[in-house]
Amino acid sequence: MTFPFDIPDDPKNDLVRKLLEYTTNLEKKITLLLEDNTCLLEDNTRLDERVTALENEIHRLKGLNCKPDIKPNTKPPETPEDDQPTDSDSADNSNTTAGKSDKG
């Protein structure tokens, strides 16, 4: 096996050569396993979607309700302060009411 650098021929360097070969082989195996893992994750996702579709079809054929497709609520909750009129709002309403009664 060739390496990107020279290892001098010395009996002590045999161990270094063997370790480099071993780590290179491990790196190749890890790369293959990562590729296999990616393929398996894609297959798993596809199969999960298929199972969901088939479960919905079974529910539909049996006349049962399917899972509803509910979207999350994105509107912020109203606070009790929003429902109560402010002092300026009540002052505006009293002036409007008083103005109408003066004209009428």
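Is Arg60 buried or exposed? I found Arg60 exposed, at a relative accessible area of 51%; the classes are buried under 20%, exposed over 50% and partly exposed in between, with a 1.4 Å probe and protein chains only.

**Basis.** I worked on a predicted model, in which local features need pLDDT of at least 70 and side-chain atom pairs pLDDT 80 or more, while totals for chains, interfaces and linings use all residues. Residues are numbered from 1 along each chain as its sequence is written, and side-chain values use heavy atoms, without hydrogens and water.

**Fold.** I noted three helices and zero strands in the protein chain, in the order α-α-α from the N terminus. Helices are DSSP runs of H or I with at least four residues, and strands are E runs of at least two. Of the 104 residues, 3% are buried.

**Salt bridges.** I looked for a side-chain nitrogen of Lys or Arg within 4 Å of a carboxyl oxygen of Asp or Glu, and the count came to four. Arg60 pairs with Glu57, the closest N and O atoms being 2.6 Å apart. Both lie in helix 1, three residues apart, about one helical turn; Glu57 is partly exposed at 34%. Asp43 forms a salt bridge with Arg46 at 3.8 Å, and Asp43 is partly exposed at 35%. I also recorded Lys75 with Glu78 at 3.7 Å, N to O.

**Nonpolar patch.** I listed Tyr22, Leu26, Ile30 and Leu34 as a nonpolar surface patch of about 410 Å². Such patches join nonpolar side chains (Val, Leu, Ile, Met, Phe, Trp, Tyr) within 5 Å, from residues with over 30% relative accessible area and no salt bridge; areas follow the Shrake-Rupley method with a 1.4 Å probe. Leu26 lies in helix 1, residues 13-62.

Note on methods: Patch = residues over 30% accessible without salt bridge, like charges linked within 9 Å, V, L, I, M, F, W, Y side chains within 5 Å.
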